[in-house]
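Let's look at how some side chains pair up in this model. Some questions and answers follow.

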Amino acid sequence: MLQVRGVSHAFGDRAVLDDVRFDVVPGVLTGLLGPNGAGKTTLMRIMFDVIDPISGATWWQGHEVTPADRRRWGYMPQERGLYPAMPAGEQLVYFARLHGVDREHATRSAKDLLEELGLGDRWSDRPDKLSGGMQQRLQLAAALVHDPEVIVLDEPFAGLDPVAVEELSKTLLERVRAGRTVLLSSHQLDLVQDLCESIVMLDHGRIVLAGRVADLRASSGRRQLRLTIASADRQWLAALPEVTVVEDLADDLRLDLPPGTDPLAVLDAARAAGQVTDFGLELPTLSQLFMAAAGELAEVS
Amino acid sequence: MGAGAWWEGTRMVAGRNLAEGARSRAVRITTLILLVVGLAVVIVPKLLGDDEPTYTLATVGEASAPVRAQLDAASETAEFAVAYLPKGGAQEVELAVREGDATVGLAGSTMFVRTDAPGSFPVLVAQAVVAEQSAAMLLDAGLTPEQLAEVTSLPPPEQVEVGPVQDEGRAGVGFIVGIVLYLAIVISGNVIANNVGIEKSTRIAEVLLAVLRPSQILVGNVLGIGLQTLVQLLVLSVPIIAALTVTDGLDLPSAAAADIALALAWFVLGFFIYAFLFAAAAALVDKVSEVSSVITPVTTFLVVAYLAAIIVVPQDPGSALSVFLSMFPLTSPMAMPVRWSSGTVPEWQLVASMVLAIGAAVLIAWFGSSVYRRALVITGRRLKLREVLPEKG
């Protein structure tokens, strides 16, 4: 198990991480979420000893992480790094060998991985001659080529098209099922809510929400009622002050119901106002949970 | 981290740099050119040197035996050949010289000399004629042939050279060595700065830092490029050193071989002193296009040091300023090889200057690593040096 234990950090007077502590369990894809500037990248850099925290430490398998442990970890930074003129295959072999893999194994592993990521015929190509999407896959390969026990990816989905998001998710889930410990960060909360099993949400360097996604969404007590209603009349909502409108687009209406509100009573009120052709009851999204949690925290402090 | 593991990672970083150099067309072409230049310095003078000049002496009838003997003996030591052109009379001898068939013509007591004849040959001919005539007169005056031999074998006064033992050929070698060292340090420094800039701006540095210590990345980069440059310098200089030591065919003093070998040692020292400065400066960039501007202070200092070395030192290698330039570690790698080639430097000064340079290289490596380590992880903007200076205490 990977443990972040009470990590704090500051740049000058500005605190960027405040006593952050959470666990990442092998086989459970974990998301480190939060808006830009929440401290995600700084935390990952601290986990890899790229920068020293003011206090706290990262633990692995019950002891503080050593450089030898980190050689069996893989890291993909947010701003991607590849040698522009070094052929793709050689580059992967080099990164694998830096992690202590011998040349023979590194070569085989690099070949397999390029094949898996659809870059099988790109061994001798320079990265600066590859398309943007291929470069991103090559960067992922560089983080995975030594078959790391711990995989940490900073904003891996940033800038990817939906097909690429799907492919990357598949690759990561395979590693998770194989028992690897995987942590990824994202500021696109709703993009990863169906992918990550567990999440840690940061805001201004503090954890505002953490746990299994399913539990968090179910236990909030909040629901969203989605209605397709053949009427532009919204007067009936005035009788339901606890209900807030999330979205109101032509026929589509999305309502947020606080805990204790009976969704069926709201549905009946809507039906009285006009014909309801479709409806659904949904759990809140991660971004809604985040807004709620961050709002509460802001009020408390 | 143990020394073994440290070296293992450092070696891989250096190896990657070497491999990238070997792959680069620019590096391969440069190395080939250096090889061609190195070989050309050895081969071209040989090709030209085989063509020793031939001077022709035109005479009325056959040239006399004593004159021939004197000129042939002189030609062996002075590296030229003598040809003889017998003519029927004085007018024909004069015509042969006028038309360029002969360098010098002899007719009785008259010597015809072409206006463009090389200075030494007419003098040799005149000496030979005078020697022949004076020998005849001495024999006529009653000297025995033994006494005559004694008179002609009188040794000339022994020459003792005074003043500074400057050798122009050797000083010329020192000058060229200075240029090559300066270029090698500037070019390799720029390659290092560029590599550091690429690694930082593309965030490769972050991937590397996750698994390597900053010192491993820095030293690996410096060693890789340093080895590559050293190989190029060896390609250039080994043929020349070999030719100077093994054969005697070059028009250069053999002491120059040792000077060039010493210059390679100076390259290593100068390279380390400046390489870490270049790397530390380049770590301040955010974008790779900023590299040339952040290394400007280092490059400027290097240019000034070099100009001081080649302008001040050759004029007066013994002046106080020359001595200072050849001792101060930031200038000594260029100034001392130039000064050393003047042949006037006491050995203790060479040793002292090298020791100072080694000490400075170690200090600068420490300083450079420290700046590099701090600068590498601050991204998003170009840094100022004072933000990443080593903390006091």
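Q: Is Phe48(A) buried or exposed, and what is the relative accessible area?
A: Here buried means under 20% relative accessible area, exposed over 50%, and partly exposed in between (1.4 Å probe, protein chains only). This is a predicted model, where local features need pLDDT of at least 70, side-chain atom pairs count only at pLDDT 80 or more, and totals for chains, interfaces and linings use all residues. Side-chain values use heavy atoms, with hydrogens and water left out, residues are numbered from 1 along each chain as its sequence is written, and chains are lettered from A and ligands numbered from 1 in the order in which they are written. Phe48(A) is buried, with a relative accessible area of 1%.

Q: How many aromatic pairs are there over all chains?
A: Rings of Phe, Tyr and Trp (its six-membered ring) pair if their centres lie within 6.5 Å; planes under 30 degrees apart count as stacked, over 60 as edge-to-face and the rest as tilted. By that rule, the count over all chains is 12.

Q: What kind of pair do Phe48(A) and Tyr75(A) make?
A: The ring centres of Phe48(A) and Tyr75(A) sit 4.5 Å apart. Their planes are at 20°, so the pair is stacked.

Q: Which ring residues are linked into a cluster with Phe48(A)?
A: Tyr75(A), like Phe48(A), belongs to this cluster. Tyr75(A) counts as buried, at 5% relative accessibility. Ring pairs link Phe48(A) into a cluster with Trp60(A), Trp73(A) and Tyr75(A).

Q: What kind of pair do Tyr83(A) and Tyr94(A) make?
A: Tyr83(A) is buried, and so is Tyr94(A). Their ring centres are 6.3 Å apart and their planes are at 65°, so the pair is edge-to-face.

Q: Which residue lies over the face of Trp59(A)?
A: A charge sits over a ring if NZ of Lys or CZ of Arg is within 6 Å of the ring centre and within 35 degrees of the ring normal. At 3.8 Å from the ring centre of Trp59(A), the residue over the face is Arg5(A).

Q: How many salt bridges are there over all chains?
A: A salt bridge is a side-chain nitrogen of Lys or Arg within 4 Å of a carboxyl oxygen of Asp or Glu. Searching the whole structure, the number over all chains is 28.

Q: Which residues are linked with Glu247(A) in a network of salt bridges?
A: Glu247(A) is partly exposed, with a relative accessible area of 39%. The side chains of Glu247(A) and Arg254(A) meet in a salt bridge (3.9 Å, N to O). The network links Glu247(A) with Arg226(A), Arg254(A), Asp278(A) and Glu282(A).
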